[in-house]
Amino acid sequence: MTAPCPPIDATHDPDLRSWVDSANAPGCDFPIQNLPFTRFSPDGETAPRIGVGIGDAVLDVGAVAHLFEGPARDAASACGAPWLNALMAVDPAAQQALRAQLSALLDARQARHRAAVAAALHPLARARLHAPARIGGYTDFFASIHHATNAGSLFRPDAPLLPNYKYVPVAYNGRANSVGVHAEVTRPCGQVRPQPQAGEAPVYAPSDRLDYEVELGAYIGRASSAGQPVPVGDAWNHVFGFSLLNDWSARDIQAWEYQPLGPFLGKSFATGVSPWIVTAQALAPFRTGAAARPAGDPAPLPHLHDPRDQQSGGIDITLEAHLRSARMIAEGLPALRLSQANTRTLYWTVAQMVAHHTSNGSWLDTGDLLGSGTVSGPEAGSWGSLLELTRGGAQPLALPNGETRRFLADGDEITLTGHCSAPGRARIGFGECRARVRGAGDVTRN
């Protein structure tokens, strides 16, 4: 069995233009070649709807479901549900048909049904965006070998990269109800050990080492079956699409509790996602080979290996993190870009993560979310967390207005962005994953 790659077809044509003029602007995240899905409420309404981003507008797909034909109509009708899960569970061929007919309806060369489609468009500036899917399970992987090495050197200087890393896609099961489109994240409290080297006893206190993590989230579409592992070659048939993901982390809580059983309260308080899901079909032109393994590294075990996955199982997505302090916001200063990395450097592919997740007979449900783990590259400018950028707080980061940061302060705003670009292809974006840090309140050390 070989790893399927969605076809590059007319919907990816870089010369396509939309009659929604804003979709044709240079640098637009949502040109006609993208068509990402979201869940939104129009201005003045509370009931969420399923929409597709086009330029600076969102199209209510359910409102125009009658315009579609064949399998595309079934997929469009699924967009009448309050969550994206109904569409995500539809056969990928029907999803592809929906994409093709959406593209045709929004194509500048087509006038058919334009008035009806225009009536179902809502300005993004006046729409409220929500978490797109009902998430039943959340698993966070550790797929960047650069992040694993950097973080390991701080937590375990004598053994930064554990021997299992190059054999198995390591992950932990997180809290699904922590995942959302968060405007604010409250500083968590937990047990911390202020000076472990001095033998101090732990205290319960607000985290002093709050951090972000730049990640890519993968949403499961078609569910797998209990007791039936998903082969690497079939894994992409279960992936609906991708979004930005910020795995908020309290490093002091994490450092005290993570051994022997792994992350717990240092990770479970908030996981931010963008409201947009860029489909696997939209990303077809940006598939690339899996990252080359250094000489001497072990080959993937048989249940993690497929020749086509090695050839086209990677994705070329640029991810960035930006920070604005409360003072920078008050002074009208732009955000500082902290890092820029690319998912093509990940040691493990998405298909390998799906395959290993199910290799023991467990199964994935529609709407499950898999995080890539922090996406970091080999250079300091590509490191996707303050833990790495400040070397665990030992080397504070300088902000443009003279402030410094070891870790995040109350009022700091973190924004993640992502995009795909390649010669001869239209640039597509992922929107934003943005949140500000809110103080812990009246919690005191005790």
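Author: Buried means under 20% relative accessible area, exposed means over 50%, and partly exposed lies in between (1.4 Å probe, protein chains only). The model is predicted, so that local features need pLDDT of at least 70 and side-chain atom pairs count only at pLDDT 80 or more, while totals for chains, interfaces and linings use all residues. Residues are numbered from 1 along each chain as its sequence is written, and side-chain values use heavy atoms, with hydrogens and water left out.

Reader: Why is H147 called buried?

Author: H147 has 3% relative accessibility, and the limit for buried is under 20%, so H147 counts as buried.

Reader: What makes H147 a residue to look up in UniProt, and where is H147 found?

Author: An unreviewed UniProt entry lists H147 for "active site", an annotation that may be inferred rather than shown by experiment. H147 is found in helix α5 (residues 145-155), helices being DSSP runs of H or I with at least four residues. Leaving aside neighbours within four places in sequence, H147 is in contact (heavy atoms within 4.5 Å) with F142, G152, E213, T374, S376, S385 and E388.

Reader: Why are α1 and α3 called roughly perpendicular?

Author: The axes of α1 (residues 71-78) and α3 (residues 92-106), which are lines fitted to C-alpha atoms over the stretch in contact, cross at roughly 90° and come within 7 Å. Angles of 65 to 115 degrees count as roughly perpendicular, and α1 and α3 are therefore given that name.

Reader: Which residues of α1 and α3 meet?

Author: P71, A72, A75 and A76 in α1 meet A94, A97, L98 and Q101 in α3.

Conventions
Axes fitted to C-alpha atoms, helices over the stretch in contact; angles between N-to-C directions. Helix = DSSP H or I, 4+ residues; strand = E, 2+ residues; numbered from the N terminus. Parallel < 35°, antiparallel > 145°, perpendicular 65-115°, else oblique.
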